Amino acid sequence: MTSHPIEFDCVQRWYADRPVLQGLSFRVEPGTVYALLGRNGSGKTTALRILLGFLRAHHGTARLLGEDTAELPAAIRGRVGYVSEDHRLYPTMSVQQAVEFEAGTRPGFRREFAFQAIERCGFGKKQRIPQLSRGQRAQLCIILAVAGDPEVLICDDPALGLDVVMRRELLDVLIDLLADSGATVLFSSHFLNDVERIADRVGILHDGSLLVDANMEDLKRRVRRVAFVPREGVAPPAGDDVLRVRSRRHGVDLLLDDPDRARIEALRAGGEVGEPEALSLEDLFVELVGPDAGVLQNGAGDSTNQPQKTTEVAS
Amino acid sequence: MNSPDNSGASAPSPKAAFARALSQKDALWRVFFAFNGAIALMIALGDGGFFHTFAFEEGRHDAEFYTAWICGLALGVFAAVFDRMVGADDHLRQRPIAAEQLFWHRQRAMGSILLVWFLAAPLAGWVWLAITQRTAVFEPMGVISAWASFVPAISAAAIGYFGASLPVRWWLRPFVVAAAFLAAFTVIHHVTKADDYHVRWLYVSLHLLAAALFVGLARLACAADNDPDRALPAGVRFVAVPLVVVASILVMSGVMTEGAREFAVELWREYPQLARYQGRVRLADLHNAWRNGRARLCDGDHRRTDLMESDQWTHLRFGVPQYRIVSLLGFREPRWHRGVDSEWVDGQGVYLTRLGEAFASSIHGRRKVPTGIGPEHAPFSSGSRINSLGAGKERILVVDHESNRIYCYDQKQGFFVPLPLPDGDRLVRMRWRALPKGALQLLRDPLVQEGSSYGFVDGEKSSYFLDDGKWVAIPFVEKPEPWRERSPVVVGDGWLKVTVSVPASAGQSEFSHHYSPRTFLEYVYAGLAAGFALGLPPLFITQFSWQLAIFALAMGILLGGAAARRVRRIGGAPADRQLWLWLTIVLGPLGALLSLVFVRPRTYRERPRLAAAPTPRVFTPIMKELAS
């Protein structure tokens with residue numbers, strides 16, 4: 001039995017001929033907030049659906065609270081909260097009925113906690129679900145999921161479609177509700193500023209597998225962008241630590257993993273090198289999975305199944 | 001972890017709370033269906049009059065039957081798709097509830113709605129009758145008869161639920177519902193129909209059995225995900241899908257049979273017919289002869305030759321084989337027995353049940369009062385029939401089934417009095433027939449013309465009509481039908497080829513002709529009919545010709561092999577290959593066609609397994625790994 005509440009072990013999934021997940025492997029520690037990032041169609045939702053047992057993997061195993069999600073027992077579902085990207089609730093219900101429904105179907109549901117949170121968010125118990133704004137519905141979904149006292153909370157892009165203010169409010173609600181709960185959270189999002197605020201660890205999904213699986217602080221500390229103008233006849237830099245080479249008008253931008261002084265000096269021997277630049281999560285994300293995906297360098301640490309894509313860098 | 005909030009002193013058990021929560025979730029549509037379905041069925045019960053429903057054991061309930069299955073089917077489909085329709089199926093699944101629990105919850109929801117329909121509709125109808133017509137009659141068998149017509153709601157609900165919840169492509173589900181529904185109802189209709197009426201207990205039993213079967217099939221599929229990239233569970237693949245295929249082919253066979261029949265009819269229109277011309281039986285093209293006044297003779301190869309002189313030929317009709325064959329596809333409302341007869345004369349209505357009980361009602365007073373023979377209102381024998389006859393003023397008559405005596409309703413006294421035939425004549429039959437010559441002047445009815453249909457009573461000695469309450473004897477002459485003396489004899493076992501013979505008679509030799517396609521147009525029609533027929537299961541094709549059936553069987557074997565090879569090529573299991581091979585052999589080419597729909601290449605596509613997951617380019621070991 002594993003001690004990780006969430007575990008993906010080389011999960012593969014296809015839709016018809018299209019591989020969506022190609023060996024997704026990661027684990028989430030208890031009490032951690034893990035952000036799963038990726039571009040549209042990168043497989044985030046598929047991964048979450050496999051984890052929730054809504055979809056089966058073709059190969060590999062996903063485990064939730066130690067159970068294989070291909071045969072997820074009903075009792076395990078009771079220990080997991082879920083917020084879908086479109087904040088689905090029964091449109092036939094009022095807010096109070098939605099709470100009562102959760103209370104009836106989740107043994108550990110805290111009704112008073114939910115009503116207090118709803119009151120704090122400023123919408124009434126009598127309001128019908130279709131009368132709620134998109135943001136209010138998102139808040140309600142999160143309240144209902146957290147009030148179930150879940151050991152694991154899974155949110156599939158909960159802020160999708162919300163404006164900046166609503167997103168901030170939603171995040172505040174989430175942080176507030178999760179405070180001291182000890183729950184493990186796995187969420188996907190496209191709003192990287194939000195992710196930076198709350199995530200302990202980040203996974204960046206690209207072409208069906210993880211490019212990055214790192215602590216937030218570690219990631220921001222390690223990855224640096226370096227402007228490099230090679231001398232004539234010097235080959236473009238390569239190696240495990242070169243995450244990406246993006247050509248510029250003069251030279252290239254290198255994305256380096258944890259470059260130390262020696263590495264910078266070695267680069268200087270081949271050309272002009274700028275100061276290593278720290279990146280925000282958003283910049284880092286764009287650099288890694290940005291539109292010219294073809295410039296991704298083939299590191300020595302790649303598996304043979306990693307996409308083998310290289311681009312010649314103009315010297 | 002936080003502790004749950006169980007502030008209530010008498011908190012319900014988790015199971016009860018769960019059931020209540022699920023019921024609350026469905027409350028709106030359950031109330032909607034329960035209320036509207038009960039109203040619809042109540043209106044259907046009143047279609048023939050509530051009095052009929054509650055006073056008599058009605059023989060047929062058309063409106064109730066059609067309303068019941070429409071409501072049932074809608075209920076089943078809605079129960080299956082509601083959560084998906086509002087987009088909350090994942091929201092529902094992501095809680096501690098097993099798929100099977102959810103399945104049984106939905107069955108209970110449907111069951112409770114059906115129960116409301118069965119109880120509330122008759123009760124509301126009866127209350128309506130009692131209040132508006134001040135007639136609190138109640139015949140238990142009448143309600144049972146209505147319930148028997150409601151039973152298709154149960155099977156239709158089960159079929160609707162099964163079809164709408166089957167984990168196949170969304171656009172396939174309406175077809176599954178339609179095929180299962182049509183096939184099940186058609187089979188039940190034909191199996192339970194004996195002569196003109198349905199066997200009620202068998203009808204009800206088979207509908208309940210169908211409901212159980214489809215609920216069982218839906219139960220098999222309830223835990224299966226609708227994932228086109230994974231094979232369905234064995235129970236669905238080897239039980240539910242084959243049954244759906246059989247149902248689909250039954251329905252498609254009905255369509256193919258209709259197509260074949262249409263072209264067979266065209267072929268028989270194209271074939272020359274038989275006519276007696278110049279004392280001989282000849283082949284002749286009589287198509288539109290009645291309109292053009294011209295007809296042509298034909299030779300043995302169906303080529304049109306000489307014109308026939310008008311009025312010199314007589315058409316010798318014979319039964320064309322394909323007209324005798326009707327498609328089995330389709331169903332009608334059940335008929336348990338002969339219904340309640342009623343006759344209305346001058347605002348006075350009299351009802352007669354099949355058990356011989358009579359009720360009288362006036363058009364102004366809505367109340368029905370019992371009546372019968374004599375002032376003591378004695379009932380008629382079971383099976384007695386009611387009619388209205390008479391010139392000038394019609395009279396309501398009842399022919400007592402056992403005594404064969406005729407009774408006439410006396411409107412003033414409010415009961416039936418005997419109306420014997422003159423001279424002790426005994427009744428043979430009462431019927432409507434063309435008015436014979438010589439009878440017109442006996443009638444004093446100015447509206448009646450010679451040749452028009454009129455009600456008569458045939459006695460052993462004479463025929464009679466009723467004139468102002470008295471029997472008047474009329475001359476009776478049966479018109480001979482000479483062409484029936486030498487009817488052509490049809491020999492053959494198929495739709496397309498038969499031999500027709502006309503037996504020899506005085507001065508005329510025997511005539512015989514073998515009908516088979518001979519002209520280009522006949523070959524086209526025969527080919528099209530055979531083409532449609534080849535789409536049927538080989539067993540069904542025997543009604544066309546056994547040679548065609550053997551050909552279809554050979555084609556089924558070839559196509560079955562092709563279907564099995566395709567399943568193998570795309571990666572299907574040996575059991576799947578065997579299934580589609582045999583389905584195609586037994587069910588014909590349509591089986592192979594359906595294998596294309598139900599066995600999709602993406603389901604079985606080979607997907608290589610990675611030996612190891614790719615290592616992330618930036619990776620931070622998690623704390624426990626660091627510690628180890």
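## Confidence in the model

Among the elements of chain A, helix α6 (residues 164-178) has the lowest mean pLDDT, at 80, while strand β4 (residues 59-64) has the highest, at 96; pLDDT is the predictor's confidence in each residue, from 0 to 100, and helices (H or I, at least four residues) and strands (E, at least two) are DSSP runs numbered from the N terminus. This is a predicted model, in which local features need pLDDT of at least 70 and side-chain atom pairs count only at pLDDT 80 or more, whereas totals for chains, interfaces and linings use all residues. Residues are numbered from 1 along each chain as its sequence is written, chains are lettered from A and ligands numbered from 1 in the order in which they are written, and side-chain values use heavy atoms, with hydrogens and water left out.

Chain A averages a pLDDT of 85, with 92% of its residues scoring at least 70, and the mean for chain B is 85, with 88% of its residues reaching 70 or more. In chain B, confidence is lowest in helix α12 (residues 321-324), at a mean of 54, and highest in helix α7 (residues 152-165), at 97. Over residues 479-485 of chain B the pLDDT is below 50, and this stretch has 0 contacts (heavy atoms within 4.5 Å) beyond near neighbours in sequence. Residues 293-315 of chain A also stay under 50, but for these the model has 49 contacts beyond four places in sequence. Where pLDDT is low, the predicted coordinates should not be read in detail.

## The interface of chains A and B

In the model, 51 residues of chain B are in contact with 79 residues of chain A. The two chains bury about 5600 Å² between them, 52% of it on carbon and sulfur atoms, where buried area is the accessible area (1.4 Å probe) that two parts lose on being put together, summed over both. On the side of chain B, B:Gln94, B:Arg617 and B:Val618 lose the most area to chain A, together 16% of what that side buries.

Across this interface the rule finds 5 salt bridges, each a side-chain nitrogen of Lys or Arg within 4 Å of a carboxyl oxygen of Asp or Glu. The side chains of B:Asp227 and A:Arg13 meet in a salt bridge, at 2.7 Å from N to O. The elements that give two or more residues to the side of chain B that touches chain A are α1 (14-45), α3 (62-85), α4 (89-93), β23 (618-619) and α19 (623-627) of chain B, and α1(B) gives the most, with 8 residues.

## Strand pairing

Strand β10 (residues 209-215) of chain A and β23(B) pair in the parallel sense over 2 bridges, pairing being assigned if DSSP finds at least two bridges between two strands. Here A:Asp213 stands opposite B:Phe619 in β23(B).

Within chain A, an open sheet of 4 strands has the order β2-β1-β4-β5, with antiparallel pairing. Strands β2 (18-28) and β5 (67-68) of chain A stand at the edges, each with a single partner strand, so one side of each is left without a neighbour in the sheet. Strand β1 (residues 6-15) of chain A is joined to β2(A) by 8 bridges and the two run antiparallel; in β2(A), the bridge partner of A:Arg13 is A:Leu21.

## Salt bridges over the model

By the same rule, the count comes to 49 salt bridges over all chains. A:Glu196 forms a salt bridge with A:Lys220, the closest N and O atoms being 2.9 Å apart. A:Glu196 lies in helix α7 (residues 192-198) of chain A and A:Lys220 in helix α8 (residues 216-222) of chain A, so the pair ties together parts that are 24 residues apart in sequence.
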